[in-house]
Amino acid sequence: EPAIAGEAAMRRSAMNMAGLDKAVANINAAHDGRAFLAAYHDFWVGVAAASGNALFGLPIPALAAIGRSGGLASTEDGRRRAHMLCNRIRSAIGACDCVAATRAVEDLHAMITEIITLRYSGRLPRTFSWADVREIL
């Protein structure tokens, strides 16, 4: 995702930015986990599209499915923080700032890691096999 955002910052179009603006607004408006995940997914589909590299779009649905399958639930605070960071990513892409876009994604990953570690520490030691992933998809 950091590389995808970096590429998006170099290649985005006005149409891509409009899509990212809409996705960020939808993330902000999401008041439950389902709406948030849909908007968050749309945001990453938009970032991948803005990169101009169709291959970057391929893992997005798989990552979303893996996240859903793990039973992870968003919280109001997590959604608020994700909105702030997705807005930072969007702003960096809009400013054609590859470094800032990459750093914002890294900060988003750190936030997600923090939340998962605090809320789901019992699930972290679980090992997944490719068979598990096929069942998820």
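## Two helices side by side

At what angle do H5 and H6 pack, and how far apart are their axes? The angle is about 165°, and the axes sit 8 Å apart. With the cut-off for roughly antiparallel set at over 145 degrees, that makes H5 roughly antiparallel to H6. As for handedness, H5 passes H6 in a left-handed crossing. Keep in mind throughout that this is a predicted model.

Who does the touching? On the H5 side, the contact is made by Gly78, Arg81, Ala82, Leu85, Arg88, Ile89, Ala92 and Ile93. H6 brings Ala100, Ala101, Arg103, Ala104, Val105, Asp107, Leu108, Met111, Glu114 and Ile115. Sorted by class, the residues of this contact come out as twelve nonpolar, one polar and five charged.

## The overall layout

Zooming out, the protein has seven helices and zero strands. Its pattern along the sequence reads α-α-α-α-α-α-α. The protein has 137 residues, and 31% of them count as buried.

## The loop between H5 and H6

H5 covers residues 76-94 and H6 covers 98-119, with Cys96 in the loop between them. As for accessibility, Cys96 has a relative accessible area of 44%, so it counts as partly exposed.

Now for some individual residues in H5, starting with Arg81. Is Arg81 buried or exposed? Its relative accessible area is 18%, and the cut-off for buried is under 20%, so Arg81 counts as buried.

Leaving out residues up to four places away in sequence, Arg81 touches Met111, Glu114 and Ile115. With Glu114 there is also a polar contact, side chain to side chain, at 3.2 Å.

Ala92 is another H5 residue. With a relative accessible area of 7%, Ala92 is buried. Setting aside neighbours within four places in sequence, Ala92 is in contact with Ala9, Asp97, Ala100 and Ala101. Of these, Ala100 and Ala101 are among the H6 residues in the H5 contact. Between the C-alpha atoms of Ala92 and Arg103, eleven residues apart along the chain, the separation is 9.4 Å.

Arg90 also lies in H5. Its relative accessible area is 18%, so Arg90 counts as buried. Which residues does Arg90 contact, leaving aside its neighbours within four places in sequence? They are Met17, Leu20, Asp21, Val24 and Phe43.

H2 spans residues 14-29 and H3 spans residues 33-51; their axes come within 8 Å and cross at roughly 160°. Once again the angle is over the 145-degree cut-off, which means H2 is roughly antiparallel to H3. The crossing of H2 past H3 is left-handed.

Which residues of H2 and H3 meet? From H2 there are Asn16, Leu20, Ala23, Val24, Asn26 and Ile27. Facing them in H3 are Phe36, Ala39, Tyr40, Asp42, Phe43, Gly46, Val47, Ala49 and Ala50. The class breakdown for this contact is eleven nonpolar, three polar and one charged residues.

Terms used
Residues are numbered from 1 along each chain as its sequence is written. This is a predicted model: local features need pLDDT of at least 70, side-chain atom pairs count only at pLDDT 80 or more; totals for chains, interfaces and linings use all residues. Side-chain values use heavy atoms; hydrogens and water are left out. Helices (H or I, at least four residues) and strands (E, at least two) are DSSP runs, numbered from the N terminus. Buried means under 20% relative accessible area, exposed over 50%, partly exposed in between (1.4 Å probe, protein chains only). Contact means heavy atoms within 4.5 Å. A polar contact is a pair of N or O atoms within 3.5 Å; within protein, one must be able to donate a hydrogen and the other to accept it, and residues adjacent in sequence count only if both atoms are side-chain atoms. Axes are lines fitted to C-alpha atoms, for helices over the stretch in contact, and angles run from 0 to 180 degrees between N-to-C directions. Angles under 35 degrees count as roughly parallel, over 145 as roughly antiparallel, 65 to 115 as roughly perpendicular and the rest as oblique. A crossing is left-handed if the near helix is turned anticlockwise from the far one by less than a right angle, and right-handed if clockwise. Ala, Val, Leu, Ile, Met, Phe, Trp, Tyr, Cys and Pro count as nonpolar, Asp, Glu, Lys and Arg as charged, and the others, Gly among them, as polar.
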